[in-house]
Structures are given as structure tokens and as C-alpha cells.
Protein chains: 2
Amino acid sequence: MSSGKSSAWVTSADVARHAGVSRSAVSRTFTEGASVAPETRAKVLKSAEALGYQVNMLARSMIQQQSNLVGVVVSGFDNPFLLSLLGPLTHQLALRSQAPLLMDASEPEQLSNSLRQLMQYRISGVILTSGTPPIQLAKEYLRLRIPVAMINREPLLEGVDVINSDNRQGGALAAEVLCRAGARNLVFLNVVTGTLSPSARGAAFAKALAGQVRRGAVKLRQATAGGVSYAHGFEAARQLFAEPSARPDGVFCTNDALACGLIDGARALYGLRVPEDVKVVGFDDIPMAAYEAYALTTFRQDIGALAERAVACLAERMGAPDMPSRTLELPVSLVERRSTQIPSIESTESAKAPVRRRRLVSPPV
Amino acid sequence: MSSGKSSAWVTSADVARHAGVSRSAVSRTFTEGASVAPETRAKVLKSAEALGYQVNMLARSMIQQQSNLVGVVVSGFDNPFLLSLLGPLTHQLALRSQAPLLMDASEPEQLSNSLRQLMQYRISGVILTSGTPPIQLAKEYLRLRIPVAMINREPLLEGVDVINSDNRQGGALAAEVLCRAGARNLVFLNVVTGTLSPSARGAAFAKALAGQVRRGAVKLRQATAGGVSYAHGFEAARQLFAEPSARPDGVFCTNDALACGLIDGARALYGLRVPEDVKVVGFDDIPMAAYEAYALTTFRQDIGALAERAVACLAERMGAPDMPSRTLELPVSLVERRSTQIPSIESTESAKAPVRRRRLVSPPV
DNA sequence: CTGAAAGCGCTTACAG
DNA sequence: CTGAAAGCGCTTACAG
């Protein structure tokens, strides 16, 4: 409007003047559940519209000692599963008119800085995604009475809500699927980092197999990959398949990337076929699990529900900071693909045969 | 300290009292480049430390009519390349003590809401990542004199900086690589959405081939996939390979996901071999491009540099909102893998042969 | 270099 | 339901 350099945002006073009411009335109009007469409200809305007014959240948040910002802490941006959580989280927060302030917890020396930065914005809560962000972080927030929700973490801390996929269910099902497919010499491929999800999955897997192991019907051992990625899975293939006399015929990998790497390693290094020579099960159902080249049987985590529950828990805790901790376990769903199913017809490269092998193999949408 | 319920954040007044100085002195101590005597500064710092004081960014930002928040707009969280940008962006922003406010622009009806939300926090800038966020959005911000930087977009708007990967370089190189590999019947696989990157890549590809096409040395046509994902690539295989007499022997796909889908489709539906029957080149170098199952020749975008430049451009523009637009083209690097290289030895499934085919096939780190 | 004072844009008892 | 006034925690001329 004016030719001055400043951006000249419209303020509530401008709207009040324009509408012939007080600033209080303007404020009330834009406050959920405040008492304002319908006509007043209408006038204010009209003026606000005309002037292009928007509440200055900075000022509102200052007054209320709390913003609508929620810290979303990711440790490392290299985990496809974690990244897939970002979309649903953003969406769920938006539904409650909150906004995600992204923070990277992967670099330890940068951590306390980022922590401070979040606090400086008086965030109304923090969501810690699975993996390695130190539990110490959660404690700091707790001390400041900032609500914390964690996804796929061990429920160790009093006062924080934990939303997990049901790893035990997955582990048990993995055992069932592999046994049903005829595997008898089994391996659980774990990762070195001792985070919750992998160990819970492995423990449930072992437990489900315990009876058969005791009877000598199946063999089970555990192997450890150097990390969570494809490359580590590829390397793990050497560990598992180098000795022809001791090759497992069924492997449950603690995540999909590892499983894809393992499959490729088994194929490229030792010419093994999946599922004929070795059956493989993963966890997460990342996009490439559905790729024809892997067609990996795996467990889909319900990222939508994880995000929804996390945001909901956080919201409830904002209202009642001292409510007791909750731990939720959300069901996972088994996605059976070719990596555990020996096709009924011959499956080897029969050139030119435009066969679609089975329902689940069709390309994902 | 007190037993009251409120969180009782420490304020600058508390620090001032504790240090025996004015609130102005405290403020200056925490303001970059403000003039304050070393001893005063020391006293303040000591008291702040003792009390656990941190500047309330909400208040500071309100005064300064601008926060340290930067809007990061992503349209759809299903694009692995875009997600890979998030890490570097967060990092670069942190280096300048700014923080990314994440926003999803994929749902049109939610768009203006999110837009408003960002403005309400008086963000100091916006980064639009590649893809479909409507250009309209950029205009809105521009009108409000909020600096805008776009990554991998067409440089159409005066006043916004655009940071792109050099698609032309990539397109030209793709032509060279495919021809060198012996392909003569070429296809460029585009996507329906008319965004910049795909068309620029295709145009450069075509231009590089123009001479040979004219001489009749190679054939080139364009095909269009229904979207950018693996599934669309898989479907595109039908389009390209259904007719045995008209099969291309070289395909340049506008992105990696599409290329992986195409490869799987060619293999699964028609028993074709890559690279023996058809050579494939992608773009982006997403993680799965390196997987043994695809070993896809592709172009790596320098996501670190894209992020760094975008954040830097934004920062400069904050100081000088009226500076002329800039368009940067960052070099891409060719990553040659098996999908364009016929192995010198026989490459088919010779079971049990622990061959590592070539340098570039080794698992990624 | 320093402090007292005004002001940023909002919300919230308070009194009506 | 409404408005005048106080106050949130900070920065910034201003005068010294």
C-alpha cells in the first residue's frame, strides 16, 4: 500500500479500525471457541478478508508461551522407511494446524544446538522417529515439560508415549511363512546397532521357532550385518553363503534394504536363486520390496496409523502433561511375494514368455 | 524453581537482574555484532549460563518482523530424489542457524492453508523443491517480498533464483553412452507431467542425436509414461516391447525409478536381457540404481551442492530482495553401471560363479 | 558502551 | 458479548 520498504503486514488493529470494533473482538474472532456475537464475527471476518489479515503466529505464540510448531527429529536421512514417515506426519500435523520443524539428530556435535533451536521456538511437542536419536534428547525435552512421542523405540522413559509397529507379531509370522515355504535351516539377520525393532523382531522369530528347534525339526542361528543398508546386506551374503555346506535356506532380515542386498549378494556372488535355493523375508515394505527384481515377502508397517497415533498422543499430552506413558503396538500386515513362494509353473528365464506370475507381483501403484 | 505449574522460562530480565545490567545489555550480548563491552558481555554470558537462559525466538522474530524459519515445500513425499534433498537442506539451513518448516504442497485444497501457515510464522524464505508445486505459490510469496529459491524448476519467474542440475549435459551424455554401447534404435521415455527436468533432458538427448538421426544412423522416438514411479516404468515396458519387430535397443528414462520399472517389465514380461537386448540409462542415481539387480547407468545429481546453493541464494536475497534472478546449472556426473555395458566375459547365470563383474558393480557404501 | 523507555502484535483477565 | 488496559519477552532508537 504505502511505498515504504517495509512489508507492512496487516495487524489486528487495522482490522479493528476497519470493522469498527475493538482489537479484542478481532482476537476473539480468530480464537477457537471464544465468545463473540455472530454479527461482530461476520464484520471482522469481512474486514479481515478485505485487508488480507492473518494472525501473526509469532505474537500469538509468544503470549501463549507455546507455538504450533512440532519438532520432528530424524536421525540420518538415509533410511527410506523413516523418510516415508515424513509425509504422513506432515499431513497429520497439518490437520491439527500444527507444522513440522525438521531437525537432524545424526550429527552428535550439532545435536544440542538443534535442541536449543527447537526450544527457542517454544515448540509444543517433539516426535522422535525410530533409530538412533539418543534417549538423552527425550529427557531434555521432558525436563522442560515438552511432550514427547517416539516411533518405533523401546518404551523406557516414563512420561513419553511410544508408538510401535508390532514387531513380535511380525517376527512370529515370519517364522510361520518361512516354515510353511519349506525352509528348515534358518537365519535371522540382525544389525549391530542394538535398537529396539530389530531385537524384538528377532526375539519373536526365535520364540516362534523354539519348539521346532528343540525337536530338531529346524535349525536357527543369528547373523549380524554391519549396518542397516543394502550394501550391508550384500556383504552379509558372504557371511551366510560362502560355505556351501552350511547355507541357510531361509533368512529373515530385520529390514527390507538389508534383504534386497542379501538377495543380490546371494545371486551375484554365489548364483543362488530366490526362492528356490533360499527364501527371504524382510520388514517395512519399502517401495523396492515390491520391485519385480526382489518381489520380497515382507511386513508393511502402517505408516499412516503410526503418524496419526503419534500426533494424537502428542496432542493429548499437551493438554495433560502428566498423564501416564502409553505404549501402542500397531499391527503390521504380511505382504507375501515371490521371495517365499516357489512358483507352481517353472519360473526360470523362459525368454519371451509374458507371464504374470501371481497377483502380488503386479507393479505397485 | 517455583512450584507453579507454568514452565517458567528464564527471561532476559532475569538474566539482567542476575548480572546487574540492563535488559538492553543482555539483548546486545545475544545480538550478532552489537556493541557491548567485553566485561559486560562476560558477565551476561555467565549469568545466562547459570540461569539456563535462551533467547525467545518468538519474541525476537516478532520484533524483527521475520523469523529464522525457512519454508521447505515438497510436493508429494513419494519421490525418492526429493526426499534425498531434505537431509542436505536441513544441514545447510542449520549452518546458517535457520530451521526448515516442512510443508506438503501435494494436496491442492490444502495448499493455500499451508501457504498461509508459513506466512503466519513470518518465514524468512521459501525453498520449492522440484516437481509439481504450482508456480502460483511462488508468486504469492514474491508478492509478500519473501525470498524464493526453486530447485530443478524452469526459470520463469523474475525475482526468484533457480538452482538446477544440468539436464542438458545429462541428456547429451546419455546419447553418447547409449551410442557407444551400440544402441541404434533409441527411445526417450518421458512422463506426462510437463515439468522442466524431463523435457530438458529429452531435448538435449534429441539434439545430441540429431546428426545421426538425419544420416539415418540411428532411430529415435519418444514414449510417455503415465507417471514418475516404478510402476509406470513397468507399464511402459508393454508400450515399448510388446511388438517384437519394433523393440528399441536403448532407452533413456527421465528418472531412475521409471528405469528400474522398465527394466523389470522388460525382463518379466518379455524375457529381455539388460544390457544385451536393451540398454537403459536413468537419471538421479537414487539408491536402488546401484542395486545389483539393476546396476543402472545414470546421472548423479549433486544434492549437496543443490542444497548449498539454494540456501546460499536465499540468504543473499534476504539481504537484497530486489537483486536480479539467477539461474544456476550444477554439473551432474555420469555413473556407468552394467545396464549399458555388455560384460566382456559371458554374463548369464552361471550358477555358483562368484564373479564380481566390474568395478562399478560393487555394493554402494 | 550503557540504560530507560517505547513499541512489536497479540491475548487475557477485568469490569461492564 | 464487548472494550480498555495490562502484559508477553524481546529490540531499538535515543540520550547520555
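Over residues 10-64 of chain A, the chain is 67% helix and 0% strand, with its end C-alpha atoms 21 Å apart; here helices (H or I, at least four residues) and strands (E, at least two) are DSSP runs numbered from the N terminus. The stretch 10-64 of chain A carries the UniProt annotation "domain: HTH lacI-type", taken from an unreviewed entry. UniProt positions follow the numbering used here, feature names are shortened, and annotations may be inferred rather than shown by experiment. The model is a predicted one, in which local features need pLDDT of at least 70 and side-chain atom pairs count only at pLDDT 80 or more, while totals for chains, interfaces and linings use all residues. Residues are numbered from 1 along each chain as its sequence is written, chains are lettered from A and ligands numbered from 1 in the order in which they are written, and side-chain values use heavy atoms, with hydrogens and water left out.

We turn next to the DNA. Around DNA strand C there are 27 residues, of which A:Ser12, A:Arg23, A:Ser27, B:Thr40 and B:Ile63 come nearest; a residue is near a strand if one of its heavy atoms lies within 4 Å of it. Of the atoms of DNA strand C that come within 4 Å of the protein, 52% belong to sugar and phosphate. Both chains supply this surface: α2 (23-29) and α4 (57-64) of chain A, and α2 (23-29) and α4 (57-64) of chain B, each give at least two residues. The largest share, five residues, comes from α4(A). By class, the surface has eleven nonpolar, twelve polar and four charged residues, where Ala, Val, Leu, Ile, Met, Phe, Trp, Tyr, Cys and Pro count as nonpolar, Asp, Glu, Lys and Arg as charged, and the others, Gly among them, as polar.

A backbone N or O atom of A:Ser12 lies 2.4 Å from a phosphate oxygen of DNA strand C. In chain B, an N or O atom in the side chain of B:Ser24 is 2.7 Å from a base nitrogen of DNA strand C, and one in the side chain of B:Ser35 is 3.4 Å from a phosphate oxygen.

Chain B also holds an open sheet of four strands in the order β7-β6-β8-β9, with parallel pairing; two strands pair if DSSP finds at least two bridges between them. Its edge strands are β7 (219-225) and β9 (279-281), each pairing on one side only. Strand β8 (residues 250-253) of chain B joins β9(B) through three bridges in the parallel sense, and B:Phe252 stands opposite B:Val281 in β9(B).

Notes
Polar contact = N/O pair within 3.5 Å; in protein donor to acceptor, adjacent residues only side chain to side chain.
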